Amino acid sequence: MSESGRQPDRAAGRQGAPRRRRPHSTSRDLERYADLFAKRTQVMRSSAMRDLMAITARPEVISLAGGLPDTSTFPADSFAAQMTRIAQESSAEALQYGPTEGFEETKACIVEVMEAEGMAPDPEDLIVTTGGQQAIDLITKTLVDPGDPVICEAPTYPGALPTFCSYEADIHQVGTDEDGMRIDELEEQLGALARAGRRPKFIYSVPSFQNPAGVTLSEERRRRLVELAREHEVVVVEDNPYGLLRYDGDPQPTLYSLDGGDYVLYLGTFSKILSPGIRIGWVAAPPPVLEKIGLGKQAADLCTSTLTQYFVREYFGEGRWREYVDDLVGIYRERRDLMLHALERHFPEQAQWTRPEGGLFVWATLPDYIDTTDLLAKALREEVAFVPGRAAYVDGRGAASMRLNFSASPEEELREGVRRIGSVVSEQVALYETITREHVQAPSEDDRGGGADVVPMPKRE
Amino acid sequence: MKIAVLKGGSSLERGVSLRSAARVEDALAELGHQAAGIDVGQDLVSRLRAEQPDVVFVALHGPGGEDGTVQELLEILGVPYTGPGVAACALCMDKVAAKHEMRAAGLPTPDWAAFNATAFRELGAADTLEEIESRLGFPLVVKPASQGSSLGVEFASTRDRVPEALVAAFSYDDRVLLERYVRGRELAVSVLDGEPLPVVEAIPREEDFFNFEARYEIGRTEYTCPADLPADGTKRVQEIATRTYETLGCSGFARVDLILGDDGPEVLEVNAIPGLTDTSLFPMAAEAAGIEFAQLVERILFSARERPGSESTLRRQAGPLPAGP
C-alpha cells in the first residue's frame, strides 16, 4: 500500500493552470501497448483496490491506512536554520552530484544510528540509498533471477511485494505469530525447497514491530534464524525501519549483530526517526554484495540526493537526534495505547488484534466471513480507511485482516477512526449472525468442490 | 464554448471517473473548446457559478454522479448537461428498479430476488433464502443494488457460501440482489443517441474467468469488436439493447451489458454514464463504427440539452446552444 496516502490531489492542484498533455491515445494504441508491456507488469496491484485507495486520500476521510510518521513534530525553525547553513556554506556541493555509495559524513551518521541498536558496522560496508524502498529494490535486483524463490513473512510489508514481483521472484510466505516469523514453518519451507533442488535467494524479514502485523521476533527465534541462514547458506534481508521506536519491553539484538554481517544484509532508513521526505536509507552488506548493489544503484539513479544528505549531516551535527527519537517514542506510545484502548471499546468480541511493543501498526483480524476489501467500501461511506489485509499476501490470504496505523493521526481522529471502523464491523457481524441463524448450513456433497467458492465477478468500467 | 467537466467525487469509481475526464478534457481542447475540470465536492455549486459553463459534461461514475443526484442540481441551476436526466440515472443505478422496468417491457433479464438489510435484521428474510436458492439454482450471483462497478459482486457456488457473499455485497449498499447465473458470452452494446454501435465481446482468459482483479488489468482480457456473431444475432442483441436504452429513458449515450446464454441474450445492467477511459468499451465500440474519440465527445456534447422548464441561473443571459450534427 502506498505510504503516501495523503498526497494532495494532483488533479486538483493542476486546476486553473493550462495543461499541456500529449493528444489522447485511442483504444487501438492501447492494444499496441498491451503487447509491449513486460510480463512483470501483470503482477502490479489490482485496479479494484487502487480505486478504493484513491478515495482514502480525500481530506474528509480519517485515514488509518497510511504508514506515515508524524512529521509535524519536527521543529521547523531548526529545519530552517540547517537548510540556511547548507545554502550559505556548501551551496555548490549540496547542489552537485555525489558519490554513488554516499558521502562519508552520511555514513558516519548511519554508524551512529546502528550503534544505538548495538551494531558496529564498518563504514566500508555501507551504501546510502534513496530510502529503504530502494534498498529492497536493489537487493532484489542484485540477487533474484526470474523464478528464483524468495521467502518472506505472512503477512509481509505490502510495499515489498510489488518489488519482489517486478523481478518475477517466486514468493513463499511463512506464517507469523505473536513472536514473529514461525521458524518451524521456515525450516519446513527450506526443507521442501531443498528437496526440490531449490534454494531461496533470500529470506526477507522485518523482525521488529513488523509492518503490517506489529509483532516482534523473539530472541530465541532470532538466534535460530541466523543459524539456519548459515546452515542453508541463505541470505537474510533484515529490514529494520522501526527498531528505535520501542515503547515498552527490552530491545532485541538485531539479526545483523547476531550474525556479524556474514549472511545478514541489513536495511536501515532515516524515514521513521527523522523524515521520509528526505528519502535516505542504507544497506549494510559484505563488500562483494555491496559492489553489485552499487552497480545497480548507478543504473537506477547514480546517487542519493546530495542536498538531503547534507541535511542529515547538519542535523546529526547538532547532536540532538536521540532527543527527537525520544520525543517521537513518547508521542507514538500514547497513540498506540489510545488505539488499543479504542479497539477494546469499539471492536466486537469476535475480532482480535496484535499489541505491538513499538513501530507504527496494529494488525486486526475479523471473523473469516468478513472480507476487509469489501468492508473498506463500507468504511469509506463512514469516511474512515484502513489497509485491507490482502495487500500483505501474494496468495489471496489475509482477507479477514486489516492494518491500522496509529502514528499519523492526532488523538481525537484516532479514537473516532477506530470507533467508526468498529461500528461497521459490528454491523456486518450482526448481519451475518442474523442471516445464518435461520440459514442452516447443511453441506451437501456438492459443497466439497474446488477451493475458491466465493470469488468476485468480472465487470467492465 | 466553455465546458465544465464534472469528475472524481467520492464514489468508489472515482479513479475511473478521473481517467475518463482527463481524456474528455483533452478531446474538448482538441475540438477548440475551453474545458474546466471540476472535482465534485462541497464547492460544486460555487465552482459552477464561478466558471459559468455553457454546458456541463458529466464524467462521473457511480452513486452521486450517475444516480441523478448531480443531475438534479444541474437542473436547478438550469445548465445543460450531457447524458441522461435525473429519472433515467436513478433507474439505471438501481439494478432492481431497472430489472422491474425491463420485465414489464418484456425485455429478457435473469431471475432475481432483492433484499435490503432491514429485511434480514427485522423481518426474518433469512427464512426465504432456501426458496430463493432453489428457484435461482447454483451457482448464483450476489450484487449490491446500486454500484456501477463490479465491486462487491460475488459468485456463490454453494449455499453455505451465500451468507458471506451477502455480507460482502451489503458492504457496498443497503440493498442487494441475488441473481440467477447465466453462463454465456459477455457482450456490451454501446448506444449513442439511440443508435447501437458495434457489439463488444469480452473474452477472459480461462484462468481469469472468476478473477475479476486480474481481468481488470490491461491485456488480461481480450475484447473483440465487432463481436463474432451471426448477422441476425448481432441485430437481435442490438435491438434488445436499444429497447432497454429507451425503456429506461436514457439519452445521449449509455452502455448495455448483456450475457448471451443458451436461451438468447439477457440484459444484466445499463451504465447510464459509461466509462470513457483508454480501456473502456464505449470508445472502443465507437471507434469500430469509425467515430474517433474527439468526434464521440462532440456528439455526446451535442446531445446535451436544456431540460424543459428550466432556465439557467448561472448566467444572466444564457448563450445559444450548439446545433446538433
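1. Begin with strand 7 of chain A. A:Val235, A:Val237 and A:Asp239 point one way from this strand. A:Val236 and A:Glu238 point the other way, and all of these residues are buried. The model is predicted.

2. What does that burial say about the strand? Five of the five residues of strand 7 (residues 235-239) of chain A are buried, so the strand is largely enclosed by the rest of the structure. A residue counts as buried if 20 or more other C-beta atoms lie within 10 Å of its own.

3. Look at the neighbours next. Strand 6 (residues 202-205) of chain A runs parallel to strand 7 of chain A, and four bridges join them. A:Phe202 has A:Val235 as its bridge partner. Strand 8 (residues 264-269) of chain A also pairs with strand 7 of chain A in the parallel sense, over four bridges. Here A:Glu238 is partnered by A:Tyr266.

4. Strand 6, helix 9 (residues 219-232) and strand 7 of chain A make a right-handed β-α-β unit.

5. Step back to the sheet. Eight strands of chain A form an open sheet in the order 2-9-8-7-6-3-4-5, with mixed pairing. Strand 2 (126-129) and strand 5 (180-181) of chain A stand at the edges with a single partner strand each, so one side of each has no neighbour in the sheet.

6. Strand 2 and strand 9 (residues 281-284) of chain A pair in the antiparallel sense over four bridges. A:Thr129 stands opposite A:Gly281 there.

7. Finally, a helix. Helix 6 (residues 131-143) of chain A lies across strands 2, 6, 7, 8 and 9 of chain A, running at about 40° to strand 9.

Note on methods. Residues numbered from 1 in each chain as written. Chains lettered and ligands numbered in written order. Predicted model: local features only at pLDDT ≥ 70, side-chain atom pairs only at ≥ 80, totals over all residues. Buried ≥ 20, exposed ≤ 12 C-beta atoms within 10 Å, placed from the backbone. Helix = DSSP H or I, 4+ residues; strand = E, 2+ residues; numbered from the N terminus. Pairing = 2+ DSSP bridges. Right-handed = clockwise from strand over helix to strand, strands pointing away. Contact = placed C-beta atoms within 7 Å. Axes fitted to C-alpha atoms, helices over the stretch in contact; angles between N-to-C directions.
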